[in-house]
Every structure is written in C-alpha cells, then in structure tokens.
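Reader: I am new to this structure and would like a close look at a single part of it. Could you take me through the disulfides and the strands around them, step by step?

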Amino acid sequence: MRHVNGMRGSAMAVVVASVALAVAGCQPGGSGADTADGGLTPSGTVSSSASSKTDAPKPGSSASGSSTPSASRPTPTPTPTAPASSAPATGGSAATCAASSLKVTARQAVVRPAGTGTGAAVVEFTNVSGRTCVLKGHPTVAGAGNGSPEMNVPLTVKPTGAASSVTVAPGGKAWVKLTFVQVQGEGDGYCVSGSAPVLYPTMVVQLPSSGAHQVALDDGQFAECDDTVTVTAVTAIEPS
C-alpha cells in the first residue's frame, strides 16, 4: 500500500512539474528557442544574425534610393544702381545766353564826359528767348568802319568794376556802359591827344560766350578819340 502511494506521489510530482512547464510556456514571451547556453531568447527580441539589415542612405540619396538634389546656394540680391543723374553739367544753374537769344540796342548815356562827341553810350541786352539765361563779364568793343563789322577796328578796352554773372529771365534786360575819350571843340572837333577824331556808324560789342552784336546809336553816330573805351561789367541795374 505504501509502495502504491509512493508511486502515486511520484506520478503527481511529474504531473505538477509538467503543468508548471506548460504554464511557463503560456506566459507572454514565454515561447522561445533554445540558446546555445540553454537559456531562452524571447520571440520579441531580434538578434543581429536573425534580422535583415537595412542599408543606410548614401549621401545624396533618399531612403527609397532616389537621388536628392544638392542644396543650391542663395543667389545674392543685386544692389540697385542709382539712376544716373539727369541733372545738367552746370549743376542746375541757367546756361549762358546765346547770341540768338539776345536783342542788343544802344543809346547815348545821360551822364557822359563834356565835349561834342559821343562821350558815353549804354548798351542794352534783352533776353528774347523763352528761357532764363546768364550774361557775365566785361565786353570787348570794336568800331565798325563804314558800318561793316568785317572792317572793324578793335578799341583798347579799360574794364572797370568787378565782373559777376547776371541772370536774365525771358523779356528781362541787362546793360553795360561804354565811356569814350571825348571829342572836343566845334565842327569836326579835335582830340586832346592830338590824334584825329574817328566816326563809326556802328560798334561791335561782345560779351564772353554770348556772341558779337553790331549796334548803332538811336540818335547819331559814335564819335570818339584814341580808339580807347572804358567799359563796365554787365549789370542788372540800368546805368544813366
């Protein structure tokens, strides 16, 4: 009887051990393969020998093997160039009056040396153009023999006063005054120097860069001595 009970106890022990093994195999991750050292490798763990390796993407390629364009450098933004200035070379000031923009006349001056000659004359420059322009400097003067500029006789000019630019608007005027060596006496007169008086029907008056202009007196002819004249610079104030 004791022998039978012992065998039953041994059989129960085997059953209990089998059940324990079966229960262990039913636990999560409990199903596995024998490792070389007799342990178990859980099925959720991927070993390096059992897994398939994925190659890392090569430079310049995507994971799918397609080529990725290399990053382009940003194009520098060009610096805007300032437009050439459209301003004139004179810096915005009016240009010198051209000869064609001027009407020039002459008359005997009220204030002149005593004598019987012309004595002095006022030359008037009128801007007949549609634009403002500038007159400047002292004039040169020549007597036109027989009224012909081609037969002129340059006079010795003695400038007086400081020269400055005079701006003349359309229709505006500027002036110079010519003072001659006066003829003395009656009739044809005489010159104090002893030279013979000279009579010119017209004079040629020229301002720097504004052309030469032939002018006649509005009340007679130019009678003078020594072919010498004192001239003022062009002025915006009408001389007497």
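Author: What follows looks at the disulfides and then at some of the strands. The model is a predicted one, and a search of the whole structure finds two disulfides in it. Numbered in sequence order, the bonded cysteines of the chain pair as 1-2, 3-4.

The sulfur atoms of Cys 97 and Cys 133 are 2.0 Å apart, and these two residues form a disulfide. The link of Cys 97 and Cys 133 is right-handed, with 90° about the S-S bond. Because Cys 97 lies in the loop between β2 (40-42) and β3 (102-108), while Cys 133 belongs to strand β5 (residues 133-135), the pair ties together parts that are 36 residues apart in sequence. Both Cys 97 and Cys 133 are buried.

The other disulfide is formed by Cys 191 and Cys 225, with their sulfur atoms 2.0 Å apart, and this link is left-handed, with -90° about the S-S bond. Here too the pair links distant parts of the chain, for Cys 191 sits in the loop between β10 (173-181) and β11 (198-200) and Cys 225 in strand β14 (residues 222-232), 34 residues apart. Cys 191 has a relative accessible area of 5%, which is under the 20% cut-off, and therefore counts as buried. Cys 225, at 0% relative accessibility, counts as buried as well.

Seven bridges join β3 to β4 in an antiparallel arrangement, and Ala 106 has Val 123 in β4 as its bridge partner. Strand β4 also pairs with β10 in the antiparallel sense, over seven bridges, where Glu 124 has Trp 175 in β10 as its bridge partner. Strand β4 (residues 120-127) is mostly covered, since eight of its eight residues are buried. Ala 120, Val 122, Glu 124 and Thr 126 point one way from β4, and Ala 121, Val 123, Phe 125 and Asn 127 point the other way.

In a regular strand the side chains alternate between the two faces of the sheet. Strand β12 (residues 202-206) runs antiparallel to β13 and is joined to it by four bridges, with Val 205 opposite His 213. The hairpin of β12 and β13 has five residues between the strands, and in it Ser 209 takes a positive phi near 65°.

Key. Residues are numbered from 1 along each chain as its sequence is written. This is a predicted model: local features need pLDDT of at least 70, side-chain atom pairs count only at pLDDT 80 or more; totals for chains, interfaces and linings use all residues. Side-chain values use heavy atoms; hydrogens and water are left out. A disulfide is a pair of cysteine sulfur atoms within 2.5 Å. Helices (H or I, at least four residues) and strands (E, at least two) are DSSP runs, numbered from the N terminus. Buried means under 20% relative accessible area, exposed over 50%, partly exposed in between (1.4 Å probe, protein chains only). Two strands pair if DSSP finds at least two bridges between them.
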